[in-house]
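Could you walk me through this model in my viewer, one selection at a time? I would like to know what to pick next and what I will find there.

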Amino acid sequence: MDKTQNNKAWFLVLPVLVLVAFSAVLPLMTVVNYAFNDTFGQNEFFWASLDWFEEMVTSDRLRDALGRQTLFSAIILAIEVPLGIFIALNMPKKGFWASLVLILMALPLLIPFNVVGTIWQIFGRVDIGLLGRALAAMGIDYNYTNDPLDAWFTVIIMDVWHWTSLVALLCYAGLQSIPQAYYQAARIDQATRWSVFRYIELPKMKGVLLIAVLLRFMDSFMIYTEPFVVTGGGPGNSTTFLSIDLAKMATGQFDLGPAAAFSLMYFLVILLISWVFFTVMTNLDREENR
Amino acid sequence: MSRITLSKLAHSYLPNPKGEDDFALKEMDHVWQDGGAYALLGASGCGKTTLLNIISGLVRPSQGRVLFGDQDVTDAATTERNIAQVFQFPVVYDTMTVRQNLAFPLRNRGMDAGYIARRIDQIAAMIGMEAMLDRKALGLTADAKQKISLGRGMVREDVNAILFDEPLTVIDPHMKWELRTQLKSLHREFGHTMIYVTHDQTEALTFADKVVVMYDGRVVQMGTPEELFETPAHTFVGYFIGSPGMNLLDAEVMGAEARLQGATVPLGAAYGPTTGRTQIGIRPEYVTLSDEGLPVTVRRVEDVGRHRIVRAELGGQPLNAILPEGKTLPADGTRVSFASGKVNVYANDWRVAPKGA
């Protein structure tokens, strides 16, 4: 069917474009400006070509932060995705308990990031925190302020607590959309529980699962507030992830040139990964509608 | 394969059913003979699917027993009953190929690979999908998917029964005819008990030896297509089977005659006194337009191709008659007469048997 083409519709996007231009694109241009120039204040700029980029690409500090960042994202994905699926599979399907569980699951998602950080910062304290005291009482030597492993443990558990719900709720929505007849047919076909998961539930969840992975990856790759509140990036640099490092560099040390180059590359990496995900997802859709 | 007996069976979806109205299926006793081809016919929401799901074990009845042969299977799980069921909307395993889809029920039961391969070839030929066996099931059209579902339903040879829940709803008309014919020949060949749910009377009448008509959670008649046509046990059967359905006219029955609108209609048999609302039923096929008999007012005539349907009124009650091809509508003073012996008598919607019958 041929639809009438009316390109005037693009004008409807104009207000958003203007808004985004002022709130994001123009400030970003300032960043671009800093990335290619050196300045000593007084609004005087000296052309630095790609020096800052070169400095950043070869910097050990950045490479370590990137390593920590990747490890962090990998760990939380490896925990949250299977755990989220598992929870979704075991959530009640209807009735009072379904509503109650949905609300409980949604709660962590509604808490502001810095509050989540504060909750866990206190929760894990050895002197007054419930978790810290409990672990200490069990004879476990736990202190996230001076043991890197404990700090990682705390930050990961915090992220799992905060975000597994998102994966679970998305999967739950995917599961709810499976018609009852599929399960009935599987019973008639004498499928095992594993087959039902492998051949019915997982394929039907694939779409939402990809979105969940994308969201969790993006969010964890840009994580700032929560670990900053809990550990401040420490002990040492052990929990200094990319954005924490970036903030330290830009607003702590006022190395605006390198920080600007850093943030541009950071931005491009995230853009690239989003694009890859987007392509994969649209291809999957096309395959399904073929 | 075995006989299926429903004994004092009733089902309600509510945990504490109070009156009869709370029951999706009212109490019933029925026997489905081994190797029979049954059609379960009724309007939407009359309990057909519930009954089917009870037989396959997907739903446990709130009362009564289900027996396969002499074995009580009321509490047996679906997998233990060894039953195949095809659903209204296609169920295929998207990530598998057509071949794997068809093999799935066999593989789950640990059949050997050689047998599975042979069986898949037979079934694929039957549903006409040999060329697509190695394609992914994802992205096939709805009728191709439904053919896979049908194939998966028929792939096991040792099932106790094959249940079809309006399986041809999504299939296009030409293919519908072909698949129905195949199901029928399959039934003749292997003799599986088949129960076929539908709300389409043509489908029911062409498929089944015995048609079971359900109405409001009750089986109102179980009989051959001819019995349903000639002697509907309930006014619903009269109305639901046939196109248009049976004419029902309020009347008073006295012995071998019915009186309506001051005129007398011979019934062909004697009846005892009736109670409640009394009606006589006559198929439009047995109503003849002539110059003598009961006076009617013709409202309109519909040409449906093979014949014409005369929509008339008899003393304020609608009456349909079928005018065979070639016959013309009498020009003046239209009257109708009823074929003798084709009139049924109903009291409170249930058929009254004539005396001595």
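Start in chain B of this predicted model by selecting β6, β7, β8, β3, β9 and β10: these six strands make up an open sheet, in the order β6-β7-β8-β3-β9-β10 (chain B), and its pairing is mixed. Colour the two ends, β6 (83-86) and β10 (218-223) of chain B; each has a single partner strand, so one side of each has no neighbour in the sheet.

Now zoom in on one end. β6(B) pairs with strand β7 (residues 161-165) of chain B in the parallel sense, over four bridges. To find your place there, show Ala84(B), which stands opposite Ile162(B) in β7(B).

**Next stop: a second sheet in chain B**

Select β2, β1, β4 and β5 of chain B. This is an open sheet of four strands, in the order β2-β1-β4-β5 (chain B), with antiparallel pairing. Its edge strands are β2 (25-32) and β5 (71-72) of chain B, each pairing on one side only. Strand β1 (residues 4-11) of chain B joins β2(B) through five bridges, in the antiparallel sense.

**Step back: the whole of chain B**

Show chain B as a cartoon and you will have nine helices and 22 strands in view. Its C-alpha trace spans about 75 × 50 × 35 Å along the principal axes. Of the 357 residues of chain B, 40% count as buried. Among contacts in chain B with a separation of 6 or more, 66% are between residues 24 or more positions apart.

Then colour by domain: the domain assignment gives domain 1 (4-240) and domain 2 (247-352) of chain B. How far apart are the C-alpha centres of domain 1 of chain B and domain 2 of chain B? They lie 37 Å apart. Where the two meet, six residues of domain 1 of chain B contact eight residues of domain 2 of chain B. On the domain 1 side of chain B, the touching residues are two nonpolar, four polar and no charged.

**Across to chain A**

Select the residues at the contact between the chains: 16 come from chain A and 21 from chain B. On the chain A side, α8 (180-188), α9 and α12 (256-289) of chain A each supply at least two residues. Which of the helices gives the most to the side of chain A that touches chain B? That is α8(A), with six residues. By class, this side of chain A has nine nonpolar, two polar and five charged residues.

**Last stop: two crossing helices**

Finish with helix α3 (residues 60-90) of chain A and helix α9 (residues 193-221) of chain A, whose axes come within 9 Å and cross at roughly 145°. The crossing of α3(A) and α9(A) is right-handed. To see the contact, display side chains including Phe72(A), Ile76(A) and Glu80(A) from α3(A), and Val213(A), Arg216(A) and Phe217(A) from α9(A). In total, the contact of α3(A) with α9(A) has eight nonpolar, four polar and two charged residues.

Methods
Residues are numbered from 1 along each chain as its sequence is written. Chains are lettered from A and ligands numbered from 1 in the order in which they are written. This is a predicted model: local features need pLDDT of at least 70, side-chain atom pairs count only at pLDDT 80 or more; totals for chains, interfaces and linings use all residues. Domain bounds come from an automatic or database domain assignment. Two residues are in contact if their C-beta atoms, placed from the backbone, lie within 7 Å. Ala, Val, Leu, Ile, Met, Phe, Trp, Tyr, Cys and Pro count as nonpolar, Asp, Glu, Lys and Arg as charged, and the others, Gly among them, as polar. Axes are lines fitted to C-alpha atoms, for helices over the stretch in contact, and angles run from 0 to 180 degrees between N-to-C directions. A crossing is left-handed if the near helix is turned anticlockwise from the far one by less than a right angle, and right-handed if clockwise. Two strands pair if DSSP finds at least two bridges between them. A residue is buried if 20 or more other C-beta atoms lie within 10 Å of its own, exposed if 12 or fewer, and partly exposed in between; C-beta atoms are placed from the backbone.
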